[in-house]
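Q: I'm new to this one. Can you walk me through it?

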Amino acid sequence: MTTIYDAIIIGSSPNALTLAAYLSKAKERVLVIEPSKYLGGIASTTSFAEGFQADLGLMSGQLNSKIINELSLSDYGLEVIERNSITSLLANQKSFTLSSDPKEAVNVIQSFAPRDAERYQKFLELLNLAKELLESAYLITPLQAHNPSVVEREQLATLLGQLHAYGRREMPEVIRLLVMSSRDLLDEWFENTELKGLLASLSVRALTQGTFASGTTFNLLHHLAIGDGYFRTTAKGGIGAICQALAKAAKSFGAEILTDTKVSSIDINDSTATGVKLENGEIIKATKVISDYDARYSFTKLVSPIDLEPEFNREVKHIRYKGSVARVNLALSDLPSFTGLNQEALKGTLVISPSVAYIEKAFDRAKYGQMSSQPFIEACIPSLSDPTLAPSGKHVMSIWLQYVPYKGNISQEQVENLAITKLSEFAPNLKSLVLQSQVLTPQDFEAEFNLSEGHLYGGEMMLSQAFFLRPLAGFAQYQTPIEKLYLCGAATHPGGGISGLAGRNLANKLSFN
Amino acid sequence: MNNHKYDAIVIGGGHNGLVNAAYLAKAGKQVLVLERRHTVGGATITEEVYPGFKYLIASYLISLLRSEVIQELELARHGLEIMPLESTFVPLLDGNYLADWPDHDATKHEISRHSKRDAEAYDEYSRTMRRLALAVRPLLDLIPPDPTSVTPNDLATMAKVKGTLSGLRKDDFYLLARLMTMSAGDFLDEWFESTPLKGTKATSGIIGTFMGPRTPGTGYVLLHHYIGDIDGVFRAWGFARGGTGGLSQAIASAARSLGVEIKVNSPVAQVIVKNGVATGVALENGDEYFADIIVSNADAKRTFLKLVDSKNLPDDFINDIKRFRISSPACKVNLALDGLPEFTSLPKGKEALLRGSIEIAPSIDYLERAYDDAKYGGWSRKPFMDALIPSLLDPGMAPPGKHIMSMFVEYASSDLEGGWNEEKKAEFLDVVIDTLAEYAPNLKNIILHKHIMTPWDLENTFGLTAGHIFHGELSLQQLFFLRPSPQWSNYRTPIQNFYMCGSSTHPGGCITGAPGRNAAMAILEDRP
Ligand SMILES: Cc1cc2nc3c(=O)[nH]c(=O)nc-3n(C[C@H](O)[C@H](O)[C@@H](O)COP(=O)(O)OP(=O)(O)OC[C@H]3O[C@@H](n4cnc5c(N)ncnc54)[C@H](O)[C@@H]3O)c2cc1C
Ligand SMILES: Cc1cc2nc3c(=O)[nH]c(=O)nc-3n(C[C@H](O)[C@H](O)[C@H](O)COP(=O)(O)OP(=O)(O)OC[C@H]3O[C@@H](n4cnc5c(N)ncnc54)[C@H](O)[C@@H]3O)c2cc1C
């Protein structure tokens, strides 16, 4: 008799591995199948040049602290590294660095925008209220908003209670934040163009929208709520180490993990998932199947549209992906010298986002399928805080570049040239230090990791695709039209990033059943 | 010095001010309307700028006017006559065109020339939008609740809102949630494939708003423009005999017949406030008028930053009003014509299409580029236009054989770099005419007179801050209980006995009469 697993999880993102760990901890027989060589998919850290390691997709993030504690991940080797500053790279030696310590940040802002300095702390406090609300909402499965059950009503009442407790002034302010554009938000709070530019950067991270779009403040808050805000965190050994720790935990509870194994389809009998079929034809049976992939890939490639209703297929087709993030990793022979920046600043995140309009303009080109010559860039040199990533004396630079529209057919070479040219404005010796490089465009992400339209978050993090609408209205509770088939990836609530919360929420839901 | 004391004074005789005054008078109040211009109507106005030609220098069509207002104020008896606008014509530069006919099958046939699939989807689209619009329409007539409050009134209204939403079909509920938060362009992409069809449908999402069809939030504006009906005919746009000014005259006449006193040429300089209570107004000429109730029809910025001494207002509230977004992209052009424009793409025998809307909106990208050009403080090199030849519907609008053409134009920023002046006005007017002439080459030869209202002119003429046609952006953070300020969306203000009734309040701009009517309900709750 062949084994029948309790759960097969297709994909190995932090959400998938979190789910695997919780389910196996609850004594379920779990098999994780990852098609690529790397555990974690785009959340992995790989060697791209002899002795150099870098993150493939996401270049920061952390698991929700509940998961770290509940799974005792520090026992499995997880070590968090914080990047405690962000630096706005500006022409004419005007670059400035904000520390995660608000008092220090206020001092810096004081030197060029005294009136804004006064407001900075209050601004952070308001963001924090909204962030806390999201954190609460992220810890639960989204409600069926149209006709909530008794339990869901109670959950909703708790969330509303939290909102009410903010007080009569703050409550509507928090509601406004959720729907407004980051341009509007920052115009309300600050005067200084460069400060607004830097603070706006987070609002478009991984989003194919400009700063003028409603809902960009929501994207900003989302990143704060998943612990991947202005001040980024990573793990010793890179983002991939987070998946390694999760995998170790899961394995210690009995989960099995296969890499380099491709699932060609999900086996469905009578509208019920019964297992998976591998590319080599082998069938593995399970009482439930969980896809870590986005909805489009899951419901066009893993499940045949024939097994689904036309209306459902149509909605899948309408999900907005439009990936526009490209990643560049550089192996450097030495530390680049950024004009006017000290080594401490280089340990943080470097941002090219001199103004709110700058980002919007970069996005303008993307709307028509082009890449602006003035891109939005975030970069870091992880080897400065984590020497394991590069041979001694050498460094890795990891670059995140927007907007590289999926539909634009923009080549790796174009992206690499642009990234280096743009960053060289601030670090003139950069080009001469490059030993080797790795570039991934949205098309590469789709081709290599099956991310629809190369979207790193399994679909745009916008209000029309969040909460009870993610990934699809009516299917926002990790369930699908196929019985015993679930989704658990970034495509589901609470969306993009590596918080692992979708995995935890689904684990809760499954063990509750 | 005038010692006469009124029950209520309404500052501004825009259509909402007049509606408000009429409802207060109907409830037995003695009401005075003070209008700064020489005539009432505000942006709902017709003016003979060029002898013999009646220009629509601001609004031009009526659709969202609440049928309650028409009936309760008996506007038909006071001369209101609305002629339905029957068609939409979208000329294209490749010689083709798209048309929306009064006859449903004719429209479907038209669309199928561009896409058979879209023609099929069109029915379902129309039905869906109709259901959504009908579902949200009751919200227009509500005094927005304060969600932070637990007063019986607020709780009752919140229950009503909840009831309205949970009464929706499940799929409609979800669709509404998505539509509210997405862009008109993305929404239309889901339904249609034909470029001009999507272009023309997207225009409803950008009218009056400084957003492009790809900006999330325009989905709501699209819906906002679907809510109208004329005499029960859904989504119908109509032209009032005599222009929109004809409507204002009808409301003014109804108001007068209910006993409202209207004084024009009476700009208010200041609201008189004593110990936190509004007691009257002072005109620019020094005259003072007193009343128990003072209502402002002017936009929120003008009202609270100009007409009220800031010492009477809490800092938080002033901050709310200052941050209220009111940058505007809209202009109005009127042309006096010696004949009719000849559109290259209009086939012989279909001249009737000139009696409807003529839209220069060939694609979503066209509109989006128009937005891109303007959003950093510029204007569109190829603007979007919604044109109309009112003299074809109402011959009284121009001398015999001659015509007027009214064009609503976007985008030209109220925050134009370097500011607006006469040269820039003339330059942009040329851009508009050049653009239209690409579609109707004889245009330049038949122009007798041309006239443009830029945001700057709209501000100077009508007192609209930044020329904003809706008294403030219809962005999500400025709707319903957030309009114009979170705690003051129920037409009341931090100053006792002082109220708002203009388009800066729920449900916002357009000729609806709803703010005026809802404000009267709120006032009468306080002072029956
Ligand atoms: C009557 C009608 C109602 C409509 N209602 C809506 C609506 O409510 N909301 C909306 O956004 N748009 C609606 N539309 C518009 C429709 O979405 C558009 O016409 C367009 O999206 C269809 O695209 P398509 O022809 O490329 O794909 P479609 O033919 O719609 O196919 C979309 C997806 O469904 C799959 N599919 C197709 N047929 C089947 C089948 N028999 N079984 C399983 N899978 C199938 C396809 O593989 C594909 O992935 C409607 C159209 C019509 C004619
Ligand atoms: C160019 C343009 C085109 C439009 N097209 C349409 C359309 O086709 N269809 C549609 O439905 N809507 C349209 N609108 C929007 C619509 O016209 C407005 O939303 C509506 O008229 C606003 O009405 P209101 O009564 O709220 O304000 P207003 O019409 O602005 O009235 C305010 C009144 O207050 C007066 N006032 C201001 N300050 C003072 C003071 N200190 N003392 C005394 N009086 C004062 C003003 O003079 C004015 O008369 C358009 C607007 C514009 C500008």
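**Ligands and interface**

A: Start with ligand 2. The residues of its shell divide into 17 nonpolar, 14 polar and five charged. Keep in mind that this is a predicted model.

Q: OK. How many residues surround ligand 2, and which are the closest?
A: The count is 36 residues. The closest are Asn16(B), Glu35(B), Leu61(B), Ser503(B) and Ile511(B).

Q: Take Glu35(B). What does its side chain do with ligand 2?
A: An N or O atom of the Glu35(B) side chain is 2.6 Å from an oxygen atom of ligand 2.

Q: And where does the backbone come in?
A: At Arg36(B), a backbone N or O atom lies 3.2 Å from a nitrogen atom of ligand 2. At Ile469(B), a backbone N or O atom lies 2.9 Å from an oxygen atom of the ligand.

Q: How much of ligand 2 does the protein cover?
A: The cover is 98%. That is out of the 1,000 Å² of accessible area that ligand 2 has on its own.

Q: Which elements give two or more residues to that shell?
A: Three helices of chain B do: H1 (15-26), H11 (300-307) and H16 (455-462).

Q: Switching to ligand 1. What surrounds it?
A: There are 13 residues around ligand 1. The closest are Asn313(A), Arg314(A), Lys317(A), Arg117(B) and Glu190(B).

Q: Why is the site of ligand 1 called shared?
A: Because the residues surrounding ligand 1 come from chains A and B.

Q: Which polar atoms sit by it?
A: On chain A, a polar side-chain atom of Asn313(A) lies 2.3 Å from a nitrogen atom of ligand 1. Arg314(A) has a polar side-chain atom 3.2 Å from an oxygen atom of the ligand. On chain B, Arg117(B) also places a polar side-chain atom 3.2 Å from an oxygen atom of ligand 1.

Q: What's the cover for ligand 1?
A: The protein covers 59% of the 960 Å² of accessible area that ligand 1 has on its own.

Q: Which helices supply at least two residues of its shell?
A: From chain A, helix H12 (310-318). From chain B, helix H4 (116-140) and H7. H12(A) gives the most, with five residues.

Q: And the shell by class?
A: Around ligand 1 there are five nonpolar, two polar and six charged residues.

Q: Now the two chains. How many residues are in contact?
A: 37 residues of chain B are in contact with 37 residues of chain A.

Q: How much area do they bury?
A: Chains A and B bury about 3,600 Å² between them. Of that, 54% is on carbon and sulfur atoms.

Q: How many salt bridges does the rule find across the interface?
A: The rule finds twelve. One of the salt bridges joins Glu368(B) to Lys367(A), with the closest N and O atoms 2.4 Å apart.

Q: What about polar contacts?
A: Between chain B and chain A, 23 residue pairs are in polar contact, both residues being at pLDDT 80 or more.

Q: Last one. What classes of residue are on that side?
A: The side of chain B that touches chain A has 13 nonpolar, eight polar and 16 charged residues.

Note on methods. Residues numbered from 1 in each chain as written. Chains lettered and ligands numbered in written order. Predicted model: local features only at pLDDT ≥ 70, side-chain atom pairs only at ≥ 80, totals over all residues. Heavy atoms only, no water. Contact = heavy atoms within 4.5 Å. Buried area = accessible area lost by both parts, 1.4 Å probe. Salt bridge = Lys/Arg side-chain N within 4 Å of Asp/Glu carboxyl O. Polar contact = N/O pair within 3.5 Å; in protein donor to acceptor, adjacent residues only side chain to side chain. Nonpolar A, V, L, I, M, F, W, Y, C, P; charged D, E, K, R; others polar. Near = heavy atom within 4 Å. Areas by Shrake-Rupley, 256 points an atom, 1.4 Å probe, with all protein chains shown as cover. Helix = DSSP H or I, 4+ residues; strand = E, 2+ residues; numbered from the N terminus.
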